[in-house]
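Colleague: I've got some time before the group meeting. Could you walk me through this one?

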Amino acid sequence: MNSALTKHQLTEMSSGFTRRKRQLVRKWLLQLAMLGFLGCFAKTVTANNKQGGDPFLNLSIEELMNVKVTTVSRRSQKLSEVPAAVFVITQEDIRRSGATSIPEALRMAPGVEVARIGTDKWAISIRGFNGRFADKLQVLMDGRSVYNPLFAGVQWEQQDTMMEDIERIEVIRGPNASVWGANAVNGVINIITKKAADTQGVLFSSGGGSFEHGFAGARYGGKINEDTHYRFYAKGFTRDNMQTTTGESANDQWHSARGGFRIDHSRGIDQFTLQGDIFHNAFGDRLNKTQLSAPVIQADSARGHNEGGNIRFRWDRTLSERSSIMLQSYYDRVDYRLLTSSLFRAESFDIDFQHRFPLFERHDLTWGANYRLYHNKVFDNELISFSPRQQTNHMVSTFIRDDITLIPDHLKLTLGSRFDHNDFTGWEIQPNARAMFTPDEKNSLWLAVSRAVRIPSRAENDILFNARTLGARDIPGLSGLLPFPVLTQLTGGTGFNAEKLLAYEIGYRHQFSPHASVDIAAFYNDYSQLRDLSPNLQRLSFQSSFPQHLILPILLTNKGSGHTHGVEASADWRVNEKWRLQSNYSFIKMHIHSDSILRQFDPTTGSADSVSPQHQISARSNYDFSDRLQLNLWLRYVSSVDFYHLPGYTTMDAKAVYRPRKNIELFVAGQNLFSQNHREFVSDFIPSFPAYIPRGIYGGAQLRF
């Protein structure tokens, strides 16, 4: 690569880069430790009644339907009154499931495709177009976007917190771009942590097992005065390597350390929150040489690390039941280093404002504005180079939403739109209309029509990606011409436009009794200007340097299109006081139109219709033998992923919990119990070697006081 730095320069740059980051992390850790030390001695804390309990533990189905969600409209609404396909994963769901990470917890939501690629790698999407960097899904942690504008997607290994501190995860299936802006195309996931006042006292948790080699977490929560509560936490874990399909180690053993704090202060009608986290991950990868061979890759295995942190401030002022103001700002920074695939530094600053107020008797207006700055610097490597290497992008947006009461207690109409301006495609308008009909307390029917866009990533503008090495016979029209390998080079360009979606949805909720309910949603999505790949045969060139090969430029176009339709259903049944059953089913059918030549090589768009499993089933059984002993079972079925020749699989997780005392919890859990291992997905963008997901057993203890 002519524009690449020499290896010596790259090594020096990487070493300096690493030293500075380690110094910065040590500085943050020291400051965090000092704050924790001062916080511990600022006020002696006595544990309150909340430390051993959970707000969802004893709720009935009826009460669960009235749980407040905020992601759909950016204001608090009862779950039963939300005109969208919403699923809430509660803290109690997470605790009983045995999930040790956020991606594993997301398997509980209908319509969400969660596939593990390796120890630290997942492919997660909603309603299709899944991939290691699924680009049509907006993910938030306490309202802070973790969507990566550099590659368009989420790096799930960086998103973590104390699992015990998650209050709930709100999963919105379908577009919600009129509220959360561009890239909220197929869904929104908002991970919401507990307030500091709800995490008072001390919590220790630790354990280990066959795949989860070891994990430990500690949290301390206290209060400075009656209006100011805080908490600090730290956690760490190590997870084993997976095994590749050839029987070798995938070299992806994962070590992680993370810490953070949250301070909440109330003053009259005002509430203030200051929250921050830092993390460090050490991980590895083994690249698949069947896809990448000379002249691209000389080494197929490497270890790397990423580290970063964020700090968030939020101010809420409640003026009345229907009037409020919110101001939030955060800063986020990540350094990522894995020389075989990527080396970059990214930081973002975001400020968000919204105001809600009544207009006349039947209009509830919410409007807001947002500004985001995203700066990144990418260093060249064997796979990827960027031109220019560093860039700063700006996005400004505003939105307005009107919740109109047409018939009090029975019929509501919501109209709204978001107006985004970005550096790649200019202004984007994303309107939305929703209607909610509630004939009585047990039935509700909703309809929605939405427009959403996925704006180009920086990579789609500036990348040169050595995508894959092919034999000449693999490309129609070149068969038998030359006996040289063909290196396909994905080339970004400013001509790539936004992907567009027009979505139609309908949903129905019914509560049979205080002990049983069902939620059904159906959708039809019409996509246009989808990202497609087009070979530029006119610019095919021959490289005589050893090894001799052809270079085939691949251009990004917006010639793809398609439509998807499907249905999702979930049911919840409290059989009796001791037994609860939860299940869901998802079906999706996709039809994609794309370039016929490269369709077989493009799982992200061209063959996306054979990447998503058509059927997914989840069934959970939570049974309390007594106040001290629980047994939780979780059965999952996922149908085949034809593009990667992966058969469907059925598996089960189980977790038994024993509480010898109220504040002590002993647990043992088994994951993927039905077979020694299975495969769920294959990395698409970065060709990591396919790995088997192993069966795992772990145990541990939790102590609260």
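Colleague: Let's start with charges. Which residue's side chain meets that of D352 in a salt bridge?

Modeller: Bear in mind that this is a predicted model. The N to O distance of the pair is 2.1 Å, and a salt bridge needs the nitrogen within 4 Å of the carboxyl oxygen. The partner of D352 is R74.

Colleague: How many residues apart in sequence are the parts that this pair ties together?

Modeller: D352 belongs to strand β18 (residues 342-359). R74 is in the loop between β1 (68-69) and β2 (77-78).

Colleague: How many salt bridges does the structure hold?

Modeller: Some of them form a network, which links E92, R95, R96, D624, R659 and E665. Another joins the side chains of K136 and D135 at 3.0 Å, N to O, and both K136 and D135 are buried. The count for the structure is 45.

Colleague: Which residue pairs with R239 in a salt bridge?

Modeller: The side chains come to 2.7 Å, N to O. R239 is in strand β12 (residues 228-239) and its partner in strand β11 (residues 212-225), 27 residues apart, so the pair links distant parts of the chain. Both residues are buried. The partner of R239 is E212.

Colleague: Now the whole chain. What percentage of its residues is buried?

Modeller: The chain has 705 residues, with six helices and 38 strands. Among contacts between residues at least 6 apart in sequence, 64% join residues at least 24 apart. The buried share of the residues is 58%.

Colleague: On to N310. Which side chain does the side chain of N310 join in a polar contact?

Modeller: N310 is in strand β16 (residues 301-320), and its relative accessibility is 13%, so N310 counts as buried. The polar contact spans 3.5 Å, and the side chain at its other end is that of R144.

Colleague: What separates the C-alpha atoms of N310 and G276?

Modeller: Along the chain, the two residues are 34 apart. The separation of the C-alpha atoms is 5.4 Å.

Colleague: What about N558: which residue's backbone oxygen does its side chain reach?

Modeller: N558 sits in strand β30 and is buried, because its relative accessibility is 17%. A polar atom of the N558 side chain lies 2.6 Å from the backbone nitrogen of N497. At 2.9 Å, the N558 side chain reaches a backbone oxygen, and that oxygen belongs to Q529.

Colleague: Which side chain makes a polar contact with the side chain of S621?

Modeller: S621 is in strand β32 (residues 615-624). With a relative accessible area of 17%, S621 falls under the cut-off, so S621 is buried. Beyond residues up to four places away in sequence, S621 touches W579, R580, L581, L631, N632 and L633. The polar contact is at 2.8 Å, and the side chain is that of W579.

Colleague: Let's finish with the second largest pocket. What is its volume?

Modeller: Rolling a probe the size of a water molecule over the atoms shows where empty space is left. For the second largest pocket, the volume is about 940 Å³.

Colleague: Which element supplies the largest share of the lining of the second largest pocket?

Modeller: The lining has 42 residues, and the closest to the pocket's centre are F601, D602, P603, D684 and F685. By class, the lining has 23 nonpolar, 10 polar and nine charged residues. Elements that each supply at least two lining residues include α6 (458-462), β26 (485-491), β28 (516-535) and β30 (549-576). The largest share, five residues, comes from β25.

Technical notes
Residues numbered from 1 in each chain as written. Predicted model: local features only at pLDDT ≥ 70, side-chain atom pairs only at ≥ 80, totals over all residues. Heavy atoms only, no water. Helix = DSSP H or I, 4+ residues; strand = E, 2+ residues; numbered from the N terminus. Buried < 20%, exposed > 50% of the residue type's maximum accessible area, 1.4 Å probe, protein only. Polar contact = N/O pair within 3.5 Å; in protein donor to acceptor, adjacent residues only side chain to side chain. Contact = heavy atoms within 4.5 Å. 1 Å grid on protein atoms, 1.4 Å probe; cavity = no way out; pocket = protein on both sides within 12 Å on 5 of 7 lines; lining within 4 Å. Points joined across faces, edges and corners; volume = space filled by probe spheres on them. Nonpolar A, V, L, I, M, F, W, Y, C, P; charged D, E, K, R; others polar.
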